[in-house]
Amino acid sequence: MSRENTRRFSPCVVSVLVASLFSASTFAQDGVTDTSAKALGLSDYRHFVIYPHLEKALRAQKDNDEKTALQEFRHIHQQAPDNVALTLYLAESYRHFGHDNQARQVLQEQLKRHPNDPRLQQQLAAIPRKIQPVTTVEQLLAQQKRCDTAPTAECRSETGQNALKLKQLDIALAQLNDAAFAGTPDGKALEDSILQRAIYLKAWQTADAIFSRKNEQHTLSAEEQQQWFDVLLAGQLDNRIRTLQSQGIFANAGQQLAFASTLATRGKNTELQRYLADNQPHFDTATQEQNWLYLISRYSKDPEQTLQQYTPQFTANQRYVTSATFPAAMKAGQYEQAQKLLDALPEDQMLSERYALSTVTHNRAESARLAGLMYQHAPGNISLLDNYSWQLMQNGQSRKAASLLLARYPFGAASAEAEKLVIRLAGLLLRYPDLATQSQRARLSTPLSSASLRQIQSQLPGVNTDCQATRKLLGDLSPQYEAAAWSRLAECYHSTLPGMALYARQQAEQRQPDIYQRRAVAYQAYAVEDYVTAMQAWKLLPVAQMSNDDLMAAANTAQSAGDRIARDNWVDEARKRGLDHSENWWWLHAQRYLPAQPERALADLNQAAAIEPTVSVLTSRAALYRELNQKPEAIADLRQALVLDPNNGSVQAALGYALWSDGDYAASRDALEKARNTSPDDPQLIRQLMYVNERLGNIPQTQLYARKVVDELDAASEVTPLITAQNQERYDVRRLHEDIGRRWTINFDTSIGLNSAAASPFSNPLSGPSSAQSYRSFGQLEAEYRLGRNMLVDGDMLSVYTRLFAGTDDSGVVLPVKNPMLGTGLRWKPLHDQTLFLAVEEQFALDHHHGETDTMLRASASFFNDGKYSDEWHPNGSGWFAQNLYLDAAEYIRQDIQAWTADYRTSWHQKVGQHQTIEPYAHIQINGYRDGHTEGTQLGGLGVRWNIWTGQTQYDAWPHKVSLGLEYQHTFKAINQDTGERNNAFFTVGVHW
């Protein structure tokens, strides 16, 4: 038994003994000595289920908690109804609480299952018959007196049992003084009941007396003798035990050990010391002896001396004795004595103690041998590996130690010992770099579980120069890494992930805030265009400690960060150092004059270009040329910059913008496409390419880039809602996507007069003026087909169209069905950015009685109706103002008639849905007509329209619009119209499809 097991034995002795007493006291006469599964005749599982209820029942019975005790005992009996031992518990509890009838019934039922069972029969016989209830001590004494007068077995039994109920053990014992009764079965049953009750009541002296009586009568079984011993231990009747042991009772090794352990538990050290000195049992097992040795080592006056003089009965305990005495010898410096103790054992035992002795005596060879033996016995023990490899190194066998560590790498766990071994291996591999094979190097670069171990791995030879391995080891970016590890990681990220390289540099600088680290942060931050971080790093460096390259790099960083003061200070310092002979210095010097003094800046840039026409100098000068409106010079500089750096996307983009502003759209597109190859996700390039292709009339490409812009805005809206400008841009791009792809356009417009008036200003000029009454209704249906853009000049658009129009003339009808005309013509929009149309149209009269065929030349324009004042749908806000100045002039060639119109309108579009507005408006119109002489009309109108937009998709804005309205007009001046006929109302319909 180990020392730990021995220690656990001692504190548990009393609790085990008391438990056995309680169980045994219940039915000692029936052979039930404990509550173990075996004693109760239960399986381990059934015992596991029942035991807590049994313990609870016994405790409740002890506390006279009748309800709980009987409830638990009944539950146990129900769980195992065939179990005799548990039935006896229930019956005894019934008897304890005065329910003899129930006890008798339970026992009788169990006897049906187990006929002739002596335990059941004996317990049943022990239940007294109810003759006369005895509930008080006075009644008991009276019963005893009657029994003494006329003694019988029955009265003795009844008196004894009644005495037990009333806890009068002395009266119960007195019944056994009747020898005739004591020898009968009832007498023996009463004796057992008294013993049972005495143990239960912890009347140890009474129990001892009964056991002594049984011993004298030679009726004590081995189990009862053990129970007697347990009673004496529980009652702490130590003198009684020693007396009986001197008589040869309780003298076996187990009982002596139990008695000694009990003394130790109760803290009776003096008595224990005397007992240990006076007794040396003959042990049955090595475990018993080891427990005895433990008591000696713990409680003897001189444990070491006592153990040294002790001769173990079992060879196995010799090691225990040595283990107990060896430390004292080592502590006292008695190394020869310690060696003698070890020599008494086999050589393969107590290796750690032998190792300690060899170490303290500086026997290196022996230490190495023992370290190897210990490691062989437990090759998985990392501490033993540490000792062994260290001893090998101490004995000049470092290469062997390295091979051993390589074979065991990575040492199985993330611990301080593992870290020490990895560090040791790293040092050895520096001495023997050829030792690790290729497969071992791969293992060395496989990340271990802890950050500290991975950091050490990254320093191993062959790993510290391998960026792939470094990124694999340190790529988790653990905050536990030191500055050197972060610096190595930054070097490995420099070319592939510069942003991560900056983060690594910053981490290194936090852990080691010196000039080297800050300079590294500054350069890396500049590389990723994080100029704020770069400036913070540069400003922490004293100018005196900055190299010439540092100084110029800091000045360039300040320029990029927009810190003019810091830039000029560093530029001035560079001049003091004689660095003003470089193109970079002159380029930086030129920046101080911008934007206020462009001529002086241009002079500095010319000086820089004279030294070396670098890309930065040429692009800067080109930007300045564009600002000075010297477009050819700007384009020339940008083309020269592209000769120096043909793949520079920024220069290509700048050239594209310059060519755009110069009107060279085709060349601009070529440059912008090249720029986009280097920056495919640049949103500004995508937008510019959309506009360039639109100017060039490339419908597929324009729509392609428009869709890309819409997709970008839609993706952004999933992160944060679009702002007003973005919403408007999204609509404008979708309008462009729809409009540039349109070929056919159909328009229907009609104005139906709701009351008659004088001659209609809308009447067909070809029909001549009319003075008859008219509703002034007019209608037109037009279909237009766009031939294409840039057909005649750059930026123009050419269309063919046909239209059918009619009015009411002087017919007096409401609908515009009179004097129908058919017109077919060619319409030209010569200006890209202005709404101006020129048209030539051949007109045919469909009613030959009214009107004539003629050729019309027409010019029309619209002003102010764009941007925020347009009638196009506005995606932002609840509504918008709109205005329009419409001018129209026509020449009818054959009839030599001229007509013209000017109309100014302003309105408010109030949104009433996602695609509808209510539009109140007002307009003023002037009409002119000349057919030999000039006539004119001036009128004003107020009205309201309901506008409905429809047909939009993800990429197309509303392509269709329907308008329904009512308008009131007042004619200020007209020909052939009376004053009372100048107020008119109209119903208007407009369809754009």
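1. Ground rules first. Numbering starts from 1 along each chain as its sequence is written, and side-chain values use heavy atoms, without hydrogens or water. As the model is predicted, local features need pLDDT of at least 70 and side-chain atom pairs pLDDT 80 or more, while totals for chains, interfaces and linings use all residues.

2. The chain has 44 helices and 12 strands (DSSP runs numbered from the N terminus: H or I of at least four residues, E of at least two). Its radius of gyration, over C-alpha atoms, is 58 Å, well over the 30 Å from the globule rule (2.2 Å times the number of residues to the power 0.38) for 993 residues, so the chain is more spread out than a compact globule.

3. Along the principal axes, the C-alpha atoms fill a box of roughly 170 × 90 × 45 Å. Of the 993 residues, 46% are buried (under 20% relative accessible area, 1.4 Å probe, protein chains only).

4. Contacts here mean heavy atoms within 4.5 Å. Among those with a separation of 6 or more, 54% link residues 24 or more positions apart.

5. Now the helix pair: α34 (residues 548-561) and α36 (residues 583-591) have axes that come within 11 Å and cross at roughly 35 degrees (lines fitted to C-alpha atoms over the stretch in contact, angles from 0 to 180 degrees between N-to-C directions). On the α34 side, M552, A555, N556 and Q559 meet N584, W585, W587, L588 and Q591 of α36.

Terms used. Buried < 20%, exposed > 50% of the residue type's maximum accessible area, 1.4 Å probe, protein only.
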